[in-house]
Amino acid sequence: MRKLLITGGAGFIGSHVVRLFVNKYPDYQIYNLDKLTYAGNLENLTDIETRPNYHFLKADITDAAVIDELFARYEFDGVIHLAAESHVDRSIKDPLAFIQTNIIGTVNLLNAARNTWKDNMGEQRFYHISTDEVYGSLGEEGYFTEETPYDPRSPYSASKASSDHMVRAYFHTYDLPVLISNCSNNYGPNHFPEKLIPLVIHNIRNNKPIPVYGDGKYTRDWLWVMDHATAIDTIFHRGRIGETYNIGGNNEWKNIDLVQNLCDIMDELLGREKGASRKLITFVKDRPGHDKRYAIDATKIKTELGWQPTLASIEGFRRTAQWYLDNESWLEKVTSGAYQNYYSEHYSHYK
Ligand code: NAD
Ligand code: TYD
């Protein structure tokens, strides 16, 4: 039986990973460790929170003493590390929070895992979830492979790059059994509405302007979040120790094309006149240091582990838009801040 620590499980991707593991592996004990920052929302997990193999630990990965104590108490033998500050625009305003959580927090986890496992290093796994943004910015041509040199350009991507380097350093220096994956932009249910896709859906729903940065010709490779969760499951169980795997959707969109597409889907779902929502598109001042294009070559994970994305983008965007319309109370609580009461209301026994 595994005792698996998943960090950042109350966030967007983490909540899908926690649900997948709790359902698929009833023999594992799943410990979801999360600080519950503005991005952490336990209402993402109400459907599995009473399962006997699910446990929630409210903790901050920047606090080394607490992390050491939790490793000593629970003796985790696997870690899937997703906790992070994740929004580029916030990193431009406050880089230090990204250094603390993404770099120091990761090193605290590495140290705790090493100390717990060092006398019996074997079947354990320390799996670090990273981003394609560490590779920098592409021109019109080419793809990021696992060999692409790191060239991060935002405080967010620089902090993730730094944490990736530390994870590799612990593999080479201390033989810590690590895995790393670098994934493209995710989308789907439970995405915090500061990121492009949920923000656009929310603003269309409320007839608010849709801010498109710069000329809107920036390109991202979008992956359905559940496909990322299955890739994480695959790599955690079958990935080769010390290896890096790129994960992508093979699904590139220029921001403006994606936004127009979402406008048309929303017009249809809301019964609005065709073209109505496109009128909300507003070009705004560009993001400083805005990376032009990200695109992933996911050949390695496909050929080595047999993983590939399952959902076509138009179907995925439609499903996402429908989820937000069906879950207006989730969105309402997130935008009003009410979701932050959930922990104190439902987890008072933890205090
Ligand atoms: P998110 O912002 O939705 O969730 C992050 C979670 O981490 C939240 O629940 C938050 O409360 C928690 N957290 C933050 N600081 C913490 C701390 N100090 N201690 C404990 N918990 C803390 O992020 P996400 O979009 O779900 O991303 C998850 C991971 O995947 C991140 O490491 C991110 O870099 C990576 N990633 C994200 C994407 C994407 O498109 N969203 C793509 C590739 C990789
Ligand atoms: P985002 O969802 O913040 O992800 P990332 O910056 O990590 O790729 O942004 C996706 C793209 O959308 C990026 O090119 C910036 C752009 N964008 C806008 O044009 N308007 C917005 O309001 C936001 C949040 C992003």
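This is a predicted model: local features need pLDDT of at least 70, side-chain atom pairs count only at pLDDT 80 or more; totals for chains, interfaces and linings use all residues.
Does Asn207 count as buried or exposed, and at what relative accessibility? At 51% relative accessibility, Asn207 counts as exposed. Here, exposed means over 50% relative accessible area, buried means under 20%, and partly exposed is anything in between, worked out with a 1.4 Å probe on protein chains only.

## Ground rules

Residues are numbered from 1 along each chain as its sequence is written, chains are lettered from A and ligands numbered from 1 in the order in which they are written, and side-chain values use heavy atoms, with hydrogens and water left out.

## Two asparagines with positive phi

Back to Asn207: this residue is found in the loop between helix 6 and strand 8. Helices (H or I, at least four residues) and strands (E, at least two) are DSSP runs, numbered from the N terminus. Asn207 is not a glycine, yet it has a positive phi of about 55°.

Asn190 also has a positive phi, near 70°, and is likewise a residue other than glycine. Its place is the loop between strand 7 and helix 6. Asn190 counts as buried, at 8% relative accessibility.

## Around ligand 1

There are 28 residues around ligand 1, and Ile13, Asp34, Ser86, Tyr156 and Lys160 come nearest. To be near, a residue needs one of its heavy atoms within 4 Å of the molecule or strand in question. By class, that shell holds 13 nonpolar, 11 polar and four charged residues. For the classes, Ala, Val, Leu, Ile, Met, Phe, Trp, Tyr, Cys and Pro go down as nonpolar, Asp, Glu, Lys and Arg as charged, and the others, Gly among them, as polar.

Now the polar contacts, meaning pairs of N or O atoms within 3.5 Å (within protein, one must be able to donate a hydrogen and the other to accept it, and residues adjacent in sequence count only if both atoms are side-chain atoms). A polar side-chain atom of Ser86 sits 2.7 Å from an oxygen atom of ligand 1. Ile13 uses a backbone N or O atom, 2.8 Å from an oxygen atom of the ligand, and a polar backbone atom of Ala84 is 3.5 Å from a ligand 1 oxygen atom. Taken alone, ligand 1 exposes 840 Å², and the protein buries 97% of that. Those accessible areas come from the Shrake-Rupley method with a 1.4 Å probe; for residues, only the protein chains shown count as cover. Helix 1 (12-24), strand 5 (125-131), helix 5 (155-174) and strand 7 (185-187) are the elements giving two or more residues to this shell. Strand 5 gives the most, with three residues.

## Around ligand 2

Ligand 2 has 17 residues around it, with Glu133, Pro211, Arg220, Arg287 and His290 coming nearest. Sorted by class, they are eight nonpolar, four polar and five charged residues.

Asn185 puts a polar side-chain atom 2.9 Å from an oxygen atom of ligand 2. A polar backbone atom of Tyr213 is 2.9 Å from a ligand 2 oxygen atom, and an N or O atom in the side chain of Asn255 is 2.9 Å from an oxygen atom of the ligand. On its own, ligand 2 exposes 510 Å², of which the protein buries 96%. The elements that give two or more residues to its shell are helix 6 and strand 8 (210-213), and the largest share, three residues, comes from strand 8.

## Two buried residues and their neighbors

Asn203 is in helix 6 (residues 196-205) and is buried, with a relative accessible area of 8%. Leaving out residues up to four places away in sequence, Asn203 touches Lys208, Pro209, Ile210, Pro211 and Leu280. Contact here means heavy atoms within 4.5 Å.

Leu223, in strand 9 (residues 219-224), counts as buried at 1% relative accessibility. With residues up to four places away in sequence not counted, Leu223 touches several residues, including Cys183, Asn185, Tyr187, His228 and Trp307. Leu223 and Ile201 are 22 residues apart in sequence and 17 Å apart in space, C-alpha to C-alpha.

## Cysteines

A disulfide is a pair of cysteine sulfur atoms within 2.5 Å, and by this rule the count comes to zero. Cys183 is buried, at 4% relative accessible area, and Cys263 is buried too, at 0%.
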